[in-house]
Amino acid sequence: MDVARLKRIPVFADLDDEALSNIAALAAEVSVPEGKELVREGDYSYDVLAIEEGTAKVERGGEHIADLGPGDVIGEMGVLERDQRNATVIATSPMMLMTLTSWDIRKLRKSTPGVVEHLRALVEQRKEHA
């Protein structure tokens with residue numbers, strides 16, 4: 001994954017080049033078709049997904065609660081808190097995603113703890129607005 005592409009994802013934009021390089025070394029890219037279920041409510045979280053291209057809808061209890069697009073991040077709450085997914089996310093267009101597994105997050109916690117703290121701050125922000 002290219003560092004310049006990571007900088008275009010708001011959650012990573014404020015990180016320094018060393019942190020971005022560490023993320024880029026671990027991140028994988030995934031292309032998904034429209035209609036693909038990215039995560040399912042109640043499942044355990046094993047990865048963090050950042051949307052590079054495309055859109056998705058978020059449902060909780062079968063009810064539409066949000067729309068997502070480029071720059072949005074999915075799954076960080078479940079991975080960081082080792083908890084179950086609190087919503088289902090479905091692609092509403094073809095998508096390009098950047099993924100980090102929970103194992104990648106553990107590696108980042110050791111090599112670049114600031115990245116994990118940055119994600120944790122995002123989780124806290126989301127909880128306040130949930």
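Four strands in the order 1-8-3-6 make up an open sheet with antiparallel pairing, where two strands are taken to pair if DSSP finds at least two bridges between them. Strands here are DSSP runs of E with at least two residues, and helices are runs of H or I with at least four, each numbered from the N terminus. The structure is a predicted model, in which local features need pLDDT of at least 70 and side-chain atom pairs count only at pLDDT 80 or more, whereas totals for chains, interfaces and linings use all residues. Residues are numbered from 1 along each chain as its sequence is written, and side-chain values use heavy atoms, with hydrogens and water left out.

Strand 8 is in turn paired with strand 3 in the antiparallel sense, over six bridges, and Asp47 stands opposite Thr101 in strand 8. Strand 8 (residues 95-101) is largely enclosed by the rest of the structure, because five of its seven residues are buried, that is, they have under 20% relative accessible area with a 1.4 Å probe and protein chains only, where over 50% counts as exposed and values in between as partly exposed. Two bridges join strand 3 to strand 6, again in an antiparallel arrangement, with Ala50 opposite Val73 in strand 6. Helix 5 packs on this sheet, touching strand 3 and strand 8, and its direction makes about 55 degrees with that of strand 8. Contact means heavy atoms within 4.5 Å; axes are lines fitted to C-alpha atoms, for helices over the stretch in contact, and angles run from 0 to 180 degrees between N-to-C directions.

Glu52 is located in strand 3 (residues 47-53). Its relative accessible area is 16%, so Glu52 is classed as buried. When neighbours within four places in sequence are left aside, the contacts of Glu52 are Met1, Arg5, Ile9, Glu29, Pro70, Met96, Leu97 and Met98.

Helix 3 (residues 17-26) and helix 5 (residues 102-111) meet at an angle of about 155 degrees, and their axes are 10 Å apart. Helix 3 is therefore roughly antiparallel to helix 5, given that angles over 145 degrees count as roughly antiparallel, under 35 as roughly parallel, 65 to 115 as roughly perpendicular and the rest as oblique. The crossing of helix 3 with helix 5 is right-handed, the near helix being turned clockwise from the far one by less than a right angle, and anticlockwise in a left-handed crossing. On the side of helix 3, the contact involves Asn22, Ile23 and Leu26, which meet Asp104, Lys107, Leu108 and Ser111 of helix 5. By class, this contact has three nonpolar, two polar and two charged residues; Ala, Val, Leu, Ile, Met, Phe, Trp, Tyr, Cys and Pro count as nonpolar, Asp, Glu, Lys and Arg as charged, and the others, Gly among them, as polar.

A further open sheet contains four strands in the order 2-7-4-5, with antiparallel pairing. Strand 2 (37-39) and strand 5 (63-68) are its edge strands, each pairing on one side only, and the twist averages 30 degrees from one strand to the next. Strand 7 (residues 88-91) pairs with strand 4 (residues 56-60) in the antiparallel sense over four bridges, and two bridges join strand 7 to strand 2, which also run antiparallel. Ile90 in strand 7 stands opposite Lys57 and also opposite Glu37. Side chains in a regular strand alternate between the two faces of the sheet. Both faces of strand 7 are covered: Thr88 and Ile90 on one side, and Val89 and Ala91 on the other, are all buried.

The loop between strand 1 and strand 2 contains Pro33 and Glu34. The C-alpha atoms of Pro33 and Pro94 are separated by 4.4 Å, although these residues are 61 apart along the chain. Beyond its neighbours within four places in sequence, Pro33 is in contact with Ala91, Ser93 and Pro94. Glu34 touches Ala91, Thr92, Ser93 and Pro94, residues up to four places away in sequence not being counted. Glu34 counts as exposed because its relative accessibility is 55%. The C-alpha atoms of Glu34 and Met1, 33 residues apart along the chain, are 23 Å from each other.
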